[in-house]
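Q: Let us read this structure feature by feature. Give me the general idea each time, then the case at hand.

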Amino acid sequence: MITELALEHVEFTCGHCWHQWAADYEVLHYRDEDGADWESFSKAGIPTGSPYETAGAPACPQCHRHWVGHLAERHLLPLPERAGRG
């Protein structure tokens, strides 16, 4: 069951070349049948890893090293019809 849908504006600063950039991610929070909470990230509709973890951190557009981002803004979006119902 989907419990929350949000748009997160994430900012990045490369620790190698100091280039700064930002990206928007859609974040879907959901609860599985066992009651465990999960989240999934997508960027422009394409599934991606969490920009807040090393495994999902994007590459710097300048030097191509990977850096974890930080949340700059967060906006809740309306849940799709029936998506929040179990």
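**Salt bridges, rings and core**

A: Start with a charged pair: Arg-31 and Asp-37 form a salt bridge through their side chains, 2.8 Å from N to O. The term means a side-chain nitrogen of Lys or Arg within 4 Å of a carboxyl oxygen of Asp or Glu. This is a predicted model, where local features need pLDDT of at least 70 and side-chain atom pairs count only at pLDDT 80 or more, while totals for chains, interfaces and linings use all residues. Residues are numbered from 1 along each chain as its sequence is written, and side-chain values use heavy atoms, with hydrogens and water left out.

Q: How many salt bridges does a search of the whole structure find?
A: The search finds three. In one of them, Arg-74 meets Glu-4 at 2.5 Å, N to O. Arg-74 lies in strand 5 and Glu-4 in strand 1, so this pair ties together parts 70 residues apart in sequence. Strands here are DSSP runs (E, at least two residues), numbered from the N terminus.

Q: Which residue forms a salt bridge with Glu-8?
A: Arg-74 does, with the closest N and O atoms 2.8 Å apart. Glu-8 lies in strand 1 and Arg-74 in strand 5, so the pair links parts 66 residues apart in sequence. Glu-8 is buried at 6% relative accessible area. Glu-4 is partly exposed at 24%. Arg-74 is partly exposed at 34%.

Q: Which residues do salt bridges with shared partners join into one network?
A: Glu-4, Glu-8 and Arg-74.

Q: How do I read aromatic pairs?
A: A pair of aromatic rings is described by the distance of the centres and the angle of the planes. Rings of Phe, Tyr and Trp (its six-membered ring) pair if their centres lie within 6.5 Å; planes under 30 degrees apart are stacked, over 60 edge-to-face, and the rest tilted. The whole structure holds two such pairs. Phe-12 and Trp-21 have centres 5.1 Å apart and planes at 10°, so they are stacked. Both residues are buried.

Q: What is the geometry of the Phe-41 and Tyr-52 pair?
A: The centres are 6.0 Å apart and the planes stand at 70°, so the pair is edge-to-face. Phe-41 is in strand 3 (residues 37-43) and Tyr-52 in the loop between strand 4 (46-48) and strand 5 (70-77), so the pair ties together parts 11 residues apart in sequence. Phe-41 is buried at 6% relative accessibility. Tyr-52 is partly exposed at 28%.

Q: Which residues make up the largest nonpolar core?
A: A nonpolar core is a set of buried Ala, Val, Leu, Ile, Met, Phe, Trp, Tyr and Cys residues joined through side-chain atoms within 4.5 Å. The largest one has nine residues: Val-10, Phe-12, Cys-14, Trp-21, Ala-23, Tyr-25, Val-27, Phe-41 and Cys-60. Strand 2 gives the largest share, four residues.

Q: What does Trp-21 touch?
A: Contact means heavy atoms within 4.5 Å. Not counting residues up to four places away in sequence, Trp-21 touches Val-10, Glu-11, Phe-12, Cys-14, Pro-58, Ala-59, Cys-60 and Pro-61.

Definitions and conventions. Buried means under 20% relative accessible area, exposed over 50%, partly exposed in between (1.4 Å probe, protein chains only).
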